[in-house]
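Keep the sequence and the coordinates side by side as you read.

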Amino acid sequence: MNNQAPQSATLGADLRALRKARGLTLTEIATRLERSVGWLSQVERDMSDPSISDLRQIAECLGVPMSMLFAHAAVPVDEKGYVVRAGTRRPMGSGEEGLIEELLSPDLTDDFEMVHSTFEPNSKMQTPANRPTQEVGYMISGRLDLTIGSRVFTVGPGDSFRIKHETYQWSNPYDEHAVAIWVIAPPVY
């Protein structure tokens with residue numbers, strides 16, 4: 001069995017989904033990369049493999065961490081696009097603010113993405129965010145302080161919340177991890 005095929009197919013599909021979610025054309029990205037539209041189209045269709053340098057530039061253009069583009073674990077062919085095993089979740093982001101995120105969705109080709117988020121004790125989002133998304137979170141464990149617009153909330157296990165095109169910020173000033181499941185539309189990672 002060739003383990004490369006599922007990895008490459010997932011990478012191309014994710015690149016296309018991320019580009020479209022940002023409203024960017026092949027021409028816009030190709031111009032930024034100083035590459036041909038044909039080459040980029042082949043990458044998105046898994047007909048050409050980008051180099052590490054290419055991936056670094058593509059990640060920068062799309063505003064995603066480099067790890068998001070090459071962290072594709074080998075998946076059995078019959079599970080590809082359907083099942084994400086606990087040990088094969090793709091990590092996202094650097095974790096530098098104390099937030100560890102893993103992609104629960106099989107890929108980024110849906111109208112939404114599902115993310116498993118673990119907030120380290122005594123951590124805080126440094127810069128408020130405002131994304132053109134609708135997000136719903138469900139708290140599994142711990143507590144989290146959220147500022148959504150001008151409102152401040154503390155949420156705990158079993159609570160859920162929505163962020164809809166508003167500036168938000170999170171903090172976990174508590175001495176235990178907080179774990180949440182987020183659904184984000186359209187995908188941003």
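Buried means under 20% relative accessible area, exposed means over 50%, and partly exposed lies in between, with a 1.4 Å probe and protein chains only. This is a predicted model, in which local features need pLDDT of at least 70, side-chain atom pairs count only at pLDDT 80 or more, and totals for chains, interfaces and linings use all residues. Residues are numbered from 1 along each chain as its sequence is written, and side-chain values use heavy atoms, without hydrogens and water.

Start with the core. A nonpolar core is a set of buried Ala, Val, Leu, Ile, Met, Phe, Trp, Tyr and Cys residues joined through side-chain atoms within 4.5 Å. The largest one has 40 residues. L62, F119, L144 and W182 touch the most other members. Helix α4 (residues 52–62) gives the largest share, 5 residues. Helices (H or I, at least four residues) and strands (E, at least two) are DSSP runs, numbered from the N terminus. Leaving aside residues up to four places away in sequence, its contacts include F119, M139, F153, V155 and W170. Contact here means heavy atoms within 4.5 Å.

Now the rings. Rings of Phe, Tyr and Trp (its six-membered ring) pair if their centres lie within 6.5 Å; planes under 30 degrees apart count as stacked, over 60 as edge-to-face, and the rest as tilted. The structure holds 3 aromatic pairs. F119 and W170 have ring centres 4.7 Å apart and planes at 70°, so they meet edge-to-face. F119 lies in strand β3 (residues 113–119) and W170 in strand β9 (residues 168–172), so the pair ties together parts 51 residues apart in sequence. F119 is buried, at 1% relative accessible area. W170 is also buried, at 4%. The rings of F161 and W182 are edge-to-face too, because their centres are 5.1 Å apart and their planes stand at 75°. This pair links F161 in strand β8 (residues 160–164) to W182 in strand β10 (residues 178–185), 21 residues apart. Are F161 and W182 buried or exposed? Both are buried. F161, Y168 and W182 form one aromatic cluster.

Charges meet rings as well. A charge sits over a ring if NZ of Lys or CZ of Arg is within 6 Å of the ring centre and within 35 degrees of the ring normal. R35 places its charged end over the ring of W39, 3.9 Å from the centre. R143 lies over the face of Y174, at 3.8 Å from the ring centre.

Turn to the strands. Two strands pair if DSSP finds at least two bridges between them. An open antiparallel sheet of 4 strands runs in the order β4-β9-β6-β7. β4 (123–124) and β7 (151–155) are the edges, each with a single partner strand, so one side of each has no neighbour in the sheet. Strand β6 (residues 144–148) pairs with β7 over 5 bridges. There, D145 has T154 of β7 as its bridge partner.

Follow β10 next. 6 of its 8 residues are buried, so β10 is largely enclosed by the rest of the structure. β3 pairs antiparallel with β10 over 7 bridges, and H116 stands opposite I181. Strand β5 (residues 134–141) also runs antiparallel to β10, joined by 7 bridges. S141 stands opposite V179.

Finish with the backbone. A cis peptide bond joins A185 and P186, with omega about -10°. P186 is in the segment after β10.
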